[in-house]
Amino acid sequence: MPSNRRVDGARRWQSLMDMAEIGPGLRCGNNRQALTDADREGRDLFRSWCEDAGMIVGIDSMGNMFARHEGCEPDLDPVMTGSHLDTQSIGGRYDGVLGVLAGLEVVRTIRDMGIRTRRPIIVVNWTNEEGTRFAPAMLASGVFAGVHRQDWVYAREDAQGRRFGDELSRIGYRGSEPVGRRRIHAHYELHIEQGPILEVEGKDIGIVTHAQGLYWLQITLIGQEAHSGSTPMPMRRNAGLGAAQITDLVHRVAMDYQPDAVGAVGHCDVYPNSRNVIPGRAVFTVDIRSPDLTTLRAMTRRIEDGAVRIADDLGLGIEIGLAGHFNPVSFDADCIATLRAAADGLGYSHRDIVSGAGHDACWINQVAPTAMIMCPCAGGLSHNEDEAISRDWAAAGADVLLHAVLMTAEVVK
């Protein structure tokens, strides 16, 4: 593949900045949660860009958007690339969006250069990757891959009791195409690392070989509300104290399985949340991850058993439910080799890397050969409005994606 084939970095960066104007955050990031008005506006802009680039946009019943650039042999299975446009409530400008708009720029570049490929190319925007408004994460790609049932996802509710299916219809993106019907020859996803390794080591590109598996455990502790000034310490049933001790337990368990395991409590609600009332109820989510399934299951057992002991010691009732789960992922060897060849051909430094986060590619890997590219992000910061990447990092990732897509879609000479 000629190394002078590269994306228009300035146009690619401007697309990112234009999309960031939709659903602005409190500072410099974005709040474009799934199936909100801001999500609809972002989808509309993406759709208009795709149509301007000569693509045909299809929408399935989960709201997934598929922008198709035709190949010379339309009956061949297409090469797919993309990610998601929805963000965290305090999200950055690049998480997910980078991959969607890089796919768009790949097609724009192909058109500009007059390149023809045997296989069609599809740029996809998967619905509700983040799971911020409707849990769990990666819902729509999960339905596409047969992991979730569509009716179960449609019934998912946000914090205000609004249902996924109703909100999908409200924003006008409940398509008629049956979900999961599209065949895929190979799928590539470009993403920011969401960690510090590439920047610290001075690498241009991360070739993702595996992704960590995870368990999200939702724990509810039931104690008794009481006056925090007049209730003797030995007579308290403090749900907040139980949540704090389990949070410490999660940290200690993760530290016991280093170097790759991680764990934290990122979401916690205590009730009644009054400064002079001992909490009578606490609801929180434990997030534990490991690239090794045996380790992941061992961590889960230790946390569940330890949480029950803590609750018993404090006189608390406890309920433990599963809020989300997927096993560790091994990406396709041929797709990985193609990404390495693309990076080498372009002269970009690269290293193999394990993704610590879940991505739509993790589900699509179950139904099609899949791999991921990562570019550095400043300080490894993500899920934060201060998330930042450089123009050069963005361009390098898009260049590697361009060459991988062209090699896989097969350029017609």
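**Close-up views of a predicted model**

**View A. Strand 5 and its pairing partners.** In strand 15, the residue that forms a bridge with H191 is M374; the model shown here and in the following views is predicted. Strand 5 pairs with strand 15, which spans residues 370-375, in the parallel sense, and 6 bridges connect the two. Strand 5 also runs parallel to strand 3, to which it is joined by 3 bridges, and here V79 is placed opposite A186 of strand 5.

**View B. The two faces of strand 5.** Because 7 of the 7 residues of strand 5 (residues 186-192) are buried, this strand is largely enclosed by the rest of the structure. On one side lie A186, Y188, L190 and I192, and on the other H187, E189 and H191, every one of them buried, so that both faces are covered.

View C. S290 belongs to strand 11, which covers residues 281-290, and counts as buried because its relative accessibility is 3%, under the 20% cut-off. A polar atom of the S290 side chain lies 3.1 Å from the backbone nitrogen of D292. Beyond residues up to four places away in sequence, S290 touches Q212, G213, A261, T295, L296, M299 and P328.

**View D. G92 in the loop between strand 3 and helix 3.** G92 is located in the loop that links strand 3 (79-83) with helix 3 (97-113), and with a relative accessible area of 4% this glycine is buried. Neighbours within four places in sequence aside, G92 is in contact with G29, N30, T87, N384, E385 and E387. The C-alpha atoms of G92 and T127 are 17 Å apart in space, the two residues being 35 residues apart in sequence.

Key
Residues are numbered from 1 along each chain as its sequence is written. This is a predicted model: local features need pLDDT of at least 70, side-chain atom pairs count only at pLDDT 80 or more; totals for chains, interfaces and linings use all residues. Side-chain values use heavy atoms; hydrogens and water are left out. Helices (H or I, at least four residues) and strands (E, at least two) are DSSP runs, numbered from the N terminus. Buried means under 20% relative accessible area, exposed over 50%, partly exposed in between (1.4 Å probe, protein chains only). A polar contact is a pair of N or O atoms within 3.5 Å; within protein, one must be able to donate a hydrogen and the other to accept it, and residues adjacent in sequence count only if both atoms are side-chain atoms. Contact means heavy atoms within 4.5 Å. Two strands pair if DSSP finds at least two bridges between them.
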